[in-house]
Amino acid sequence: MEINQQDQERYILAQNRVVRIKKFYKHLLIYLIVNIFLSIMFIVGEINDGKHFSEAILNFSNYKIWLYWGVGIVFQFCVTFGVQLLLGEEWEQKKINEYITKHKKNYY
């Protein structure tokens, strides 16, 4: 059974999408593990420095890394799952079609 070119292209695109999704979930897992570990270490460090547990838990500086790294996770989520904020795939396809149409007009 011979696979035509279009089916082969669809397969490659689907395969690339699955790879991106897999990378996103790995990155998310690393984000959670590392940030939980770091938050625990920061809180324990503050308790060892003499702060009460409630003060250490409520200190925002212990969670800044969650916020900063989280911004990157949100952008990766948007790219991976198709929430294109600016110049996404639809824009690319529209521009490609526009240039093809323009190119054809120049030759005819």
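Predicted model: local features only at pLDDT ≥ 70, side-chain atom pairs only at ≥ 80, totals over all residues.
In which helix does I65 lie? I65 lies in helix α3, where helices are DSSP runs of H or I with at least four residues, numbered from the N terminus.

Residues are numbered from 1 along each chain as its sequence is written, and side-chain values use heavy atoms, with hydrogens and water left out.

Let me turn to α1, which covers residues 5–48, has 44 residues and reaches 64 Å from its first C-alpha to its last, close to the 64 Å expected at 1.5 Å a residue, the expected span being 1.5 Å times one less than the number of residues. Within α1, F24, Y31, N35, S39, I43 and E46 are buried, where buried means under 20% relative accessible area, exposed over 50%, and partly exposed in between, with a 1.4 Å probe and protein chains only. These buried residues pack against α2 (53–58) and α3 (64–80), and just after α1, G50 takes a positive phi of about 110 degrees.

Now to F81, which lies in the loop between α3 and α4 (89–107) and is partly exposed, with a relative accessible area of 28%. F81 touches R17, I21, F24 and Y25, not counting residues up to four places away in sequence, a contact being heavy atoms within 4.5 Å. F81 and R17 are 64 residues apart in sequence, yet 8.8 Å apart in space, C-alpha to C-alpha.

Coming back to I65, this residue is partly exposed, with a relative accessible area of 31%.

Methods: Helix = DSSP H or I, 4+ residues; strand = E, 2+ residues; numbered from the N terminus.
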